[in-house]
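My entries follow in the order in which I went through them.

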Amino acid sequence: MSVLTRDEAQTRAQLIDVQRYTIDLDLTRGADTFDSTTVIGFTTRTAGDTFVEVRPAALRSVTLDGQPLDPAALDGNRLPLTGLTPGTHELRVDAAMAYSHTGEGMHRFTDPTDGETYAYTQLFMEDVQRVFAAFDQPDLKAVFDLTVTAPDGWSVLANSVTEHAGNGKWRAATTPLLSTYLVAVAAGPWHSIRTEHAGLPFGIHCRRSLAPHLDADAEEILDITRACYDRYHEKFEEPYPFDSYDQAFVPEFNAGAMENPGLVTFRDEFVHRSAVTDTERQTRAMVIAHEMAHMWFGDLVTLQWWDDIWLNESFAEYMGYQTLTEATRFTDTWVDFGVARKAWGYDADQRPSTHPVAPDADAVPDTASALLNFDGISYAKGASALRQLVAWLGEKDFLAGINTHFRRHKFANATLADFIASLAHHTDRDVHAWADTWLRTTGVDTLTATVTEHPGQSALTLTRDGNRPHRVTVGVYDRDLIDGATLVRRELRNIDIPAGPAGSATPADGEHSLPGPRPALVVPNDQDLTYAKIRLDPHSEETALRGLSRVPDPLTRAVLWNCLRDMVRDGELPPLTYLEAARAHLPAEHELANVQGVLAFARTQVADRYTTPTERPDALALLTDLCADLIRRTEDGSNPGLRLTAVRTLIDSAAHADTIRDWYDNGSVPGGPELDPELRWRILGRLCVLGAVDDAVIDAELTQDPSATGQEGAARCRAALPDPDAKRAAWDAMFTTDELSNYLFTATAQGFWQPEQSDLLRPYVARYYPDAVAVAHRRGPAMAEAAGRWAFPSYAIDTHTLTLGETCLKDDDPIPALRRKIADQLDDLARALKIRTATTAY
């Protein structure tokens, strides 16, 4: 398959305009393929040649202006259109298209619970070609008329309101101008809840087997949707631009969600069938807010080429968190962003694969390279940069610029230059310089505090390793005079750090006076308004390690936990010291997002990667002791979310089977909670790792829970068994048969690599690289992503694994999606090795 280059897209956009697509899909043709007939009306400005993209199972016929073209002329995914004359043209393409089981194109899924089948599209980047013929680039917008023939008992959702015309045929209303990648269809026997808000049809939809769970949360989901819709209409002058708003929770979805206009698709794990914490409910709400923001950022105004993907994702990320904070009960969303999402950006920005938030167009020459930029940079770093922009520019001018941007470019395409021009229209500040320093550069600045004592006062100096300007809030804290332990905020001080050379102190004299006694704690970036790692002065570092739970503001505590996290990752703080801080302070932490973020890092990174094999048992013991303490403290039912988080982490950290096996056999944790399906599969997975159960127990659990998530749980458990035959079968399923769906592949990979089984797994380390390269070539980018993320031998932390990986990147020609993942994994592995080496030197 040929990927589209930026130069090709520019040439085609200069040659043609596309007015209309008329698409007819027939989903009644069997389990393997569906019929796709596409009529494209377009205009050619001058005489010339171009091509249309299509990836059929069988290309039956093609006509251009009524004249047949040879289907055999199809070259990969490109059908040449030669000898075009100026004027209007009509292209008709009739094809059979293959269903996908990898979450790309038209994904088909049969629910093991009830045998019902569903199909939905995910057309992002270049997968529209798997569903219908298209001039597939974002700046060739057109209107779409869609007809779908579906089996009896199915309903069909699309970007616009659909009507059943009889005989299984569904018609969608004509859309406004859309980019091809935003077209959406979801068909099946959906369980649907419909309502109306502000005169607009709203709907939420899921598989029938999930109906009771969607019903239980329907009001919460719809309340969030309505609140965000109303708040966006307060912020944005342009009204919601589409005729309906449906949200479909679909199976085996690769992303968190997709912003298809009028039909947002979500992974259906957001329909909770087991107990979840309030922070997890907040995450679902944030994704709802994020995707709705895309109706303006990305759908109404769309990027011109994929170098400006940040104009979609960074804005939706920022607006999602900010709007949720303003309009819903989730008023502390920036804490979760700080301790979880932002760390994703920091990590990505310190790898060799980092890139600017807004890279130069030459750095994104084709769609394959563009796909690599959907990462912590485009989401978390970009959103952090926008939060800093709002702090520097002021929200009034920021929103005025956004509304000018919408007005100038609605139903069209725009670039970074267009956006900056819209902002500049409303401020005297140099937003062009801001964009150059924040959006065109890579890496994380570090702000280091130095506090010196003088008679009657102290002095603060902030030194920056980096060159970006920052507006930060510095928190100054004293110990409470009564108990001597609680930290009381003395002041929040706003400081502007201008752009300048790395290592420069600011302001010019290098000091800020802090009247009174030396503070117990000074926190740079206290309110987390900028994007920078921080380092504390030695006195403040000691205070944080001893008294972090005594800091009054949960967002400040998130900043401090991130500081300690970064110090571990940079080899400046022993991993076990981080665990000891968690043991000391999490029992008194009231913000669940902080607990979940710290425990996740402690369990998956510190215990599994940063501690040496000889230290790991102590790390796991410390975590289980901490979680047992949290469980004891929540026996009164006062904090079910904290209790559930502690139960999950204790299960994952258990080094011995006795306690969790008793929970499993009794169907409950003493004092609660009772074991729902998620907890039962979690315990069973850990018991498999420990060799405490066999296939018969897995089979019995699957009989009790034959759902799709049950199938995934069973695959994860079987791959986790410390048995040579089980490992061999799991490996063959992932890399030989090509029968696993995207979700079953991921579940199998998650179970396969276990630190406790290093001797058994050692032969597979060398096999990983050629087998992953081969499966990525055969199955495409989505499976390459899964193979690189989940199937990589991340616990084989040694120079041999590094050498094998470096050889693979040099000699084996992995596709871009896998190359990027392996490069990132190798960098993380090298970091873990350095941390282990540093640990021995403390």
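I began with what surrounds the largest cavity, and its lining residues divide into nine nonpolar, four polar and no charged, where nonpolar stands for Ala, Val, Leu, Ile, Met, Phe, Trp, Tyr, Cys and Pro, charged for Asp, Glu, Lys and Arg, and polar for the others, Gly among them. I note that this is a predicted model, in which local features need pLDDT of at least 70 and side-chain atom pairs count only at pLDDT 80 or more, while totals for chains, interfaces and linings use all residues. Residues are numbered from 1 along each chain as its sequence is written, and side-chain values use heavy atoms, with hydrogens and water left out.

I then wrote down how the spaces are defined: on a 1 Å grid over the protein atoms alone, a cavity is a set of points where a 1.4 Å probe fits but cannot get out, a pocket is an open set with protein on both sides within 12 Å along at least five of seven lines, and lining residues have an atom within 4 Å of a point. Grid points are joined across faces, edges and corners, and a volume is the space filled by probe spheres set on the points.

**Entry: cavities**

My search of the whole structure returned six cavities of 30 Å³ or more, and the largest holds about 80 Å³. I counted 13 residues in the lining of the largest cavity, with Phe297, Gly298, Val301, Leu311 and His405 nearest its centre. Strand S20 (301-303), helix H4 (310-327) and helix H8 (395-409) each contribute at least two residues to that lining; helices (H or I, at least four residues) and strands (E, at least two) are DSSP runs, numbered from the N terminus.

For the second largest cavity I have a volume of about 60 Å³, and its lining includes Tyr346, Asn525, Lys533, Val559 and Asp566. Strand S29 (532-535) and helix H12 (554-569) each supply at least two of the lining residues, and H12 gives the most, with four. In this second lining I find five nonpolar, two polar and three charged residues.

Where does helix H23 kink? I located a kink of about 45° at Arg767, shortly before Pro770, in this helix of residues 758-779, the bend at a residue being the angle between axes fitted to the seven residues ending there and the seven starting there. Among the buried residues of H23 are Tyr764, Tyr768, Ala772, Val775 and Arg779, where buried means under 20% relative accessible area, exposed over 50% and partly exposed in between (1.4 Å probe, protein chains only). Gly780 follows H23 and has a positive phi, near 95°.

The second largest pocket has a volume of about 520 Å³ and is lined by 27 residues, of which Pro613, Pro755, Ser758, Tyr795 and Ala796 lie nearest its centre. Helix H15 (616-633), H23 and helix H25 (799-811) each provide at least two lining residues of this pocket, and H23 gives the most, with five. I sorted the pocket lining into 14 nonpolar, six polar and seven charged residues.

**Entry: two sheets**

Why is strand S8 largely enclosed by the rest of the structure? Five of the six residues of S8 (residues 105-110) are buried, so the rest of the structure largely encloses this strand. S8 pairs with strand S9 (residues 117-122) in the antiparallel sense over six bridges, two strands being paired if DSSP finds at least two bridges between them. Arg108 stands opposite Ala119 in S9, and in the hairpin of S8 and S9, with six residues between the strands, Gly115 takes a positive phi near 80°.

I traced an open sheet of four strands in the order S8-S9-S14-S11, with antiparallel pairing. S8 and strand S11 (155-158) are at the edges with a single partner strand each, so one side of each is left without a neighbour in the sheet. S9 and strand S14 (residues 185-188) are joined in the antiparallel sense by two bridges, and Tyr120 stands opposite Ala186 in S14.

The other open sheet has eight strands in the order S5-S4-S7-S2-S1-S10-S13-S12, with mixed pairing. Its edge strands, S5 (67-69) and S12 (162-166), each pair on one side only. I found four bridges between S12 and strand S13 (residues 169-172), which run antiparallel, and Gly166 stands opposite Lys169 in S13.
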